[in-house]
Amino acid sequence: MVAQIQSLFGIPASSGATVGPFFLLHTNIPVPTAQPSDKGFEAEGHALNLAIKTVGADLEARAARTSGELQEILLATAEIATDPAIAEEASGFIASGHTASYAMVKATDVFQELLKASGGYLAERVTDVANIRDRVLCQIAGVPYPEIPAFDVPTVLIAQDLSPADTADLETEKILAIVTAGGGPTSHTAIIARSNGIAAIVACAGVVEAASNNLGASVAIDATNGRVTFNPDSELRAEIANIIEKIKQRKSRIINRSDEGYVTTDGKVIPIYANVGRLEDTTAAVKSGADGVGLLRTELLYLDRNDAPTLQEQTEIYKQLFAPFSGKKVVIRTLDAGADKPMAFIEFNHEPNPALGVRGYRTIGAYENLLRTQLQAIAEAVHATTADVWVMAPMVTLPEEAATFVSMAREYGLNKAGVMIEVPAAIFHSEEITRVCDFVSIGTNDLGQYLHAADRESALLAGFNDPWQPALLRAVHQIAQAGIKNNCPVGVCGEAASDPALGAVLIGLGISSLSCSVATLSDVAQAVTAHTYEQLKMAGDAAISANTAHDSKNSARSHLQHLLDLGL
Ligand code: PEP
Ligand code: MG
């Protein structure tokens, strides 16, 4: 029988390409029924508490065997497992006659729903809760939890989803690539893959079923394009070999740069910065060749805090975050709390549309002191650093908000102050905003979702959030031109800047710097520096003249002929 070729597509999470054998992680977890318990609520309560305690202790033991980011993630997962709120929720079901296992499923359902409803970073923690639930169910049933085995030969790992606990003992050098059906670009799988340089594709619908139907076959992974193909034919194998060769050549190509930034072939200097959210990211940012940090998302430091960080705590962490960037620029963003990043120490009244509610700079109404404490902490950290620190506020809509923020920053001696442009009204105020700010940075993630009235977390509406959408690019062009007129640098720090071809186009539209994920920074730098500034401008013009995201990308790429040589 001729093997059937199937290609599936997911979201590229970490670039790379490979062909090899695969392992499908089966999760045969005992499924409890709603049958009433015949053991009595005391015995069920005891069984549940014991299982939770054992799972928590096991996660802590795994954490002790690891270090760095993974260790932190595992400790946080152990904390979720032993959170009394889960046991309390479950005890209600046990009290009404259900088994410990059924109660665990129902209790974790409640928490998963809450996390999902919050969206964004919190929604991605749903996997952690599911993993804790499955470990507890195995524990109660007395069956081993299905772990990833040690591989004899390098293997592609395919799973419905992977939690940090699943990957704690992973021998990363034996992993060719990771593909998951679930997860998102900021999920643990993506983070772990990127930090280990493993190719990864997430949110690849149908991959588990396709793997089950092709057990024993090999699989081709083209993570740059998010493509997974079982039983690759010789033509596809050759294509993947070609991509691997191009990646190798690209990694060894000397990139044209100066002290001020990367340089196009005709000498235009373009600084390319990294987006950073945690202390660990700073090492990766330096290693990636970043010219500094273009977006330091401070809210990510405090997502798990119940109380507001003190002045001293903030000063200390900002000092540490600035330290690796001596002589380089660091753009620190004040807390972007709300919507997909709710924070326990900020009370948000119930809002039917949190993304359109009180978030980012808008929290100043009730929490001005929080903003002032943060600005003071940044100012104190600036005294202890030789980094060139700039400060900006998220979710600014009106010029008067921008002016208020800039003058407040100046009160603390922070003389490079600006705002993010990520609300449509700010596009039409960009003339005035670029007059009152020292710089602006465009948040294409939010600007895209608000321009198209399409939730950036919605898989169904993902097409609207394609960063190649011409409306978004025309907005970028308009803001960039206002910045040029008013001599105000305009950067892009949304994910659009992390796409190598699009990063080049943004520069062509008049953007003065990019800030992107460390995983793609060197590829973005390759795309920008392989062309002349004139070519980038022609690509930019072509992109905004198109009427669909597809045409915008294709016509822009036709002016960037070196992308193909680079395999980008
Ligand atoms: C953006 O909206 O593009 C952005 C960079 O901010 P965040 O993704 O943190 O909302
Ligand atoms: Mg934003």
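Start with H13 (residues 364–383) and H14 (residues 399–411): they cross in a right-handed way, the near helix being turned clockwise from the far one by less than a right angle. Helices here are DSSP runs of H or I, at least four residues, numbered from the N terminus. This is a predicted model, where local features need pLDDT of at least 70, side-chain atom pairs count only at pLDDT 80 or more, and totals for chains, interfaces and linings use all residues. Residues are numbered from 1 along each chain as its sequence is written, chains are lettered from A and ligands numbered from 1 in the order written, and side-chain values use heavy atoms, without hydrogens and water.

The H13 and H14 axes (lines fitted to C-alpha atoms over the stretch in contact, with angles from 0 to 180 degrees between N-to-C directions) sit 10 Å apart at about 40°. Show Ile 364, Glu 368, Leu 371, Arg 372 and Leu 375 of H13, plus Phe 405, Met 408, Ala 409 and Glu 411 of H14; these make the contact (heavy atoms within 4.5 Å).

Next, select H19 (residues 500–508) and H20 (residues 521–529), which pack at about 50° with axes 8 Å apart. H19 passes H20 in a right-handed crossing. On the H19 side, pick Pro 500, Ala 501, Gly 503, Ala 504 and Ile 507; on H20, Asp 523, Val 524, Ala 527 and Val 528.

Last stop: Ile 272. Beyond its neighbours within four places in sequence, Ile 272 contacts residues including Tyr 262, Leu 514, Val 524 and Val 528.

Technical notes
Helices (H or I, at least four residues) and strands (E, at least two) are DSSP runs, numbered from the N terminus.
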